Amino acid sequence: MSESTPSTPSTRVRLRDALDAVPAYVAGRPAVAQAGTTAYKVSSNENPYPPLPSVLDVVREQAGQINRYPDMGVTVLTEALAERLDVPAARIATGPGSVGVLGQIITAFCDPGDEVVFAWRSFEAYPILVALSGATAVKVPLTSEARHDLDAMADAVTERTKVVLVCTPNNPTGPSVRRDELEAFLDRVPQDVLVVLDEAYLEFVTSQDAPDALAIHRARPNVAVLRTFSKAYGLAGLRVGYAVAHEPVAEALRKAAIPFGVNSLAQVAAVASLEAFDELDVRVKELVAERARVLAALAEQGWDVPDTDANFVWLPVGERTPDLVAACEAAGLTVRPYGTDGVRVTIAEPEANDRLLAVTAAFPHGRLHPKG
């Protein structure tokens, strides 16, 4: 007697039309092990250092209480951030990573038909979150130097614009916006449009003309600052981020948050990391020094790459992107391709960085400019 395979019933549930416009988020792939060689994942801008022992200790202690719900108000972290940043606690809104808080921003501000302006390429989650809301993403091309074109972004603001996103340093290309150009841009943006300064890589910034986002926020009621504990603090796996926004905006972001979005382990780890920032900053400085070494070596090899203020470098190889990805994989490096625009590579352990430089030394520069 043969067994029949049950058929899958057809579904008649009705999904939102907005989902048709939602691009898929492409996460950095795990490192692929090579025979006899350590493989490195340099595709996700993770901090290569493990958590500090003091941070692990508080996480272990808190793990014994995970049968309880976390503090929905994220009170201890909110107060710690308010003290460290010298802002009222009422201006802090937290969420599961800065991308979670950004989702709260889009939810609080955008209805179908509204517009969100941002540079492109920039953080890949921007068009996803905007599309999910039913709003329209207005993508403004970067300059030839892989920088935000703030004049063009100001020109793109219309009566339908609710939010403008400024990623500084820009992910995936690396440059920060400059203080003077940002102030001039903000002077052109209507006061009823929220401008979000996304500073996920703030701690790695060394440019002297980078803006002081908190000072700008204090002076301008329509400016919010977005930050994360995923990068410099090394808590990417725990998902905790925050926004600093004026009280009415911050209150709206808290309303738009999912209940208990910041779990108890994430909160204690973030607080402990703030307390240990001097120790963490030593690691940040080591990564910045490695970044400088990699940039100098790339320049010596003849690569023309953007100056980066983040913990990654951008290799704009255009149509040769798949070739560079394959060359890196053959060397035990998993990197992050962006279509046929280029490749982003995280600054990681010195051995991983050395391998990248060995690959780039042998790789034809494509549309880039070799020396001579």
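Reader: What makes Leu-182, Phe-185 and Leu-186 in helix H6 buried residues?

Author: In this predicted model, helix H6 covers residues 179-188, and Leu-182, Phe-185 and Leu-186 count as buried there, because a residue is called buried when its relative accessible area is under 20%. Seen down the axis of H6, the buried residues fall within an arc of 100°, so they line one face of the helix. The face turned away from that buried side carries Asp-180 and Asp-187, which are exposed.

Reader: Which elements do the buried residues of H6 pack against?

Author: They pack against helix H5 (150-156), strand S5 (161-167), strand S6 (194-198), helix H7 (213-219) and strand S7 (223-228).

Reader: What makes S2 and strand S8 a pair, and in which sense do they run?

Author: Two strands are said to pair if there are at least two bridges between them, and S2 and strand S8 (residues 241-244) have four bridges, in the antiparallel sense, so they count as a pair. As one example, Ile-92 has Val-244 in S8 as its bridge partner. Strand S3 (residues 115-120) and S5 are also joined by four bridges, but these two run parallel, and here Val-116 has Val-163 in S5 as its bridge partner.

Reader: How do you know that both faces of strand S2 are covered?

Author: In a regular strand the side chains alternate between the two faces of the sheet. In S2 (residues 92-95), Ile-92 and Thr-94 are on one side and Ala-93 and Gly-95 on the other, and all of these are buried.

Reader: Why is Lys-231 called buried?

Author: Its relative accessible area is 16%, and since the cut-off for buried is under 20%, Lys-231 is therefore placed in the buried class. Lys-231 sits in the loop between S7 and S8, and an unreviewed UniProt entry lists this residue as "modified residue: N6-(pyridoxal phosphate)lysine". Leaving aside neighbours within four places in sequence, Lys-231 is in contact with Ser-44, Asn-45, Asn-47, Ala-200, Tyr-201 and Phe-204.

Reader: Is Asn-45 buried or exposed, and what makes it so?

Author: Asn-45 has a relative accessibility of 1%, and because buried means under 20%, Asn-45 counts as buried. It is found in the loop between strand S1 (40-41) and helix H1 (53-63).

Reader: What makes the link between the side chains of Asn-45 and Tyr-201 a polar contact?

Author: The distance given for this pair of side chains is 2.8 Å, and a polar contact requires N or O atoms within 3.5 Å, one able to donate a hydrogen and the other to accept it, so the distance meets that limit. Not counting residues up to four places away in sequence, Asn-45 also touches others, including Asn-171, Asn-311, Phe-312, Arg-344 and Thr-346.

Reader: Why are S9 and S11 said to stand at the edges of their sheet?

Author: Their open sheet has three strands in the order S9-S12-S11, with antiparallel pairing. Strand S9 (312-315) and strand S11 (336-338) each have a single partner strand, so one side of each is left without a neighbour in the sheet. Here the twist averages 20° from one strand to the next.

Reader: How do you know that S12 pairs with S9 and with S11?

Author: At least two bridges are needed for a pair; S9 and S12 have four, while S11 and strand S12 (residues 342-346) have three, so both meet the requirement. In S12, Thr-346 is the bridge partner of Phe-312, and Arg-344 is that of Arg-336.

Reader: What makes S12 mostly covered?

Author: Five of its five residues are buried, with Gly-342, Arg-344 and Thr-346 on one side and Val-343 and Val-345 on the other.

Methods:
Residues numbered from 1 in each chain as written. Predicted model: local features only at pLDDT ≥ 70, side-chain atom pairs only at ≥ 80, totals over all residues. Heavy atoms only, no water. Axes fitted to C-alpha atoms, helices over the stretch in contact; angles between N-to-C directions. Buried < 20%, exposed > 50% of the residue type's maximum accessible area, 1.4 Å probe, protein only. Arc of directions from axis to C-beta. Contact = heavy atoms within 4.5 Å. UniProt positions renumbered as here; feature names shortened; annotations may be inferred.
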